[in-house]
Amino acid sequence: MKNKERKELILMDLKEEKKKIEECKYEKPKTNNLAYEEEYKKVDKALGESILTGSGDILFSTNPSNLANVLGTNPKTAKSIILTKIPDSSKKNYTDKEGNEKIGISLPKIQELTGEFQSSTKDIKMTEICAYANKSIANILDSSEVKAQRELGRDNVKCLDNINKEEVRKKSEKDAITGEKLDKEFDIHHLTPQSTETDVNKITDKKNYIPVNKDTHSIGHSSEILDDSSLTFEEKKEKL
């Protein structure tokens with residue numbers, strides 16, 4: 001199979017809906033206040049509609065009613081939060097089981113919001129709902145099924161990474177930083193570090209792969225210039 005076909009298949013798998021969270025086994029938090037049982041059920045339902053994708057990402061529904069249920073607020077406020085407090089970087093595309101392209105919100109971002117609401121509100125009911133949602137999300141992210149899918153996703157991303165590096169190696173002639181001719185053995189530097197990036201599109205973007213000689217690469221990291229996220233690539237080149 002050609003690299004192009006392999007990449008297309010892997011990318012399709014990474015974006016595919018594998019299952020809904022309601023189909024996964026995770027420990028639901030213990031509740032102390034029976035007065036909010038109906039609210040807890042709404043949290044369970046909203047989180048249950050989240051999608052586990054091939055990459056191991058869990059994407060929460062963009063339906064304001066679902067966000068309202070996990071934050072203990074109303075749909076109007078939830079809609080405003082989606083528009084103003086959730087950056088595009090926390091929204092990802094996925095393909096549902098019917099083949100439709102959809103958008104979801106990264107579940108860790110929802111967990112972050114529940115923590116913020118829990119600490120900022122004086123409303124006891126909202127505090128209880130947010131605490132329950134926050135703990136539920138933590139348990140979902142720590143569940144064995146999610147961890148297993150995340151591991152499969154990492155393997156596929158690594159495969160994509162290797163294909164991209166192979167293709168860049170074949171076409172590279174000069175060190176992208178010094179402009180010197182590349183040695184027989186040279187490195188590929190990731191502009192966006194894989195260890196901190198979860199967006200598959202960024203990790204596997206051809207522009208993210210920079211051919212450099214081993215000495216250049218070593219100096220760039222030992223000086224921490226290549227690791228300085230506040231600098232553009234052009235600024236890093238000037239410093240090196």
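This is a predicted model: local features need pLDDT of at least 70, side-chain atom pairs count only at pLDDT 80 or more; totals for chains, interfaces and linings use all residues.
1. **Overall make-up.** The secondary structure of the protein comes to 10 helices and seven strands. Along the principal axes, its C-alpha atoms fill a box of roughly 70 × 40 × 30 Å.

2. **Burial and contact range.** The protein has 240 residues, and 42% of them count as buried. Among contacts in the protein with a separation of 6 or more, 65% are accounted for by residues 24 or more positions apart.

3. **How α2 meets α6.** Helix α2 covers residues 37-48 and helix α6 covers residues 124-141; their axes come within 10 Å and cross at roughly 35°. The crossing in which α2 passes α6 is right-handed. On the α2 side, the contact is made by E39, Y40, V43, D44 and L47. On the α6 side, the residues are K125, E128, I129, Y132, A133, S136, I137 and I140. If you sort this contact by class, you find eight nonpolar, one polar and four charged residues.

4. **How α3 meets α5.** Helix α3 (residues 64-71) and helix α5 (residues 107-120) have axes that come within 10 Å and cross at roughly 45°. Because of that angle, α3 counts as oblique to α5. The crossing of α3 and α5 is right-handed. From α3, the contact draws on L67, V70 and L71, while α5 supplies I110, L113, T114 and F117. By class, the contact of α3 with α5 has six nonpolar residues, one polar and no charged.

5. **A look at S55.** Now for a single residue. S55 sits in the loop between β2 (51-53) and β3 (58-60). Is S55 buried or exposed? Its relative accessible area is 13%, and buried means under 20%, so S55 is buried. The side chain of S55 also has a partner: it makes a polar contact with the side chain of D57, at 3.0 Å.

6. **Where I would point the viewer.** For the loop between β2 and β3, centre on S55 and show the side chain of D57, its polar contact partner.

Technical notes: Residues are numbered from 1 along each chain as its sequence is written. Side-chain values use heavy atoms; hydrogens and water are left out. Helices (H or I, at least four residues) and strands (E, at least two) are DSSP runs, numbered from the N terminus. Buried means under 20% relative accessible area, exposed over 50%, partly exposed in between (1.4 Å probe, protein chains only). A polar contact is a pair of N or O atoms within 3.5 Å; within protein, one must be able to donate a hydrogen and the other to accept it, and residues adjacent in sequence count only if both atoms are side-chain atoms. Axes are lines fitted to C-alpha atoms, for helices over the stretch in contact, and angles run from 0 to 180 degrees between N-to-C directions. A crossing is left-handed if the near helix is turned anticlockwise from the far one by less than a right angle, and right-handed if clockwise. Contact means heavy atoms within 4.5 Å. Ala, Val, Leu, Ile, Met, Phe, Trp, Tyr, Cys and Pro count as nonpolar, Asp, Glu, Lys and Arg as charged, and the others, Gly among them, as polar. Angles under 35 degrees count as roughly parallel, over 145 as roughly antiparallel, 65 to 115 as roughly perpendicular and the rest as oblique.
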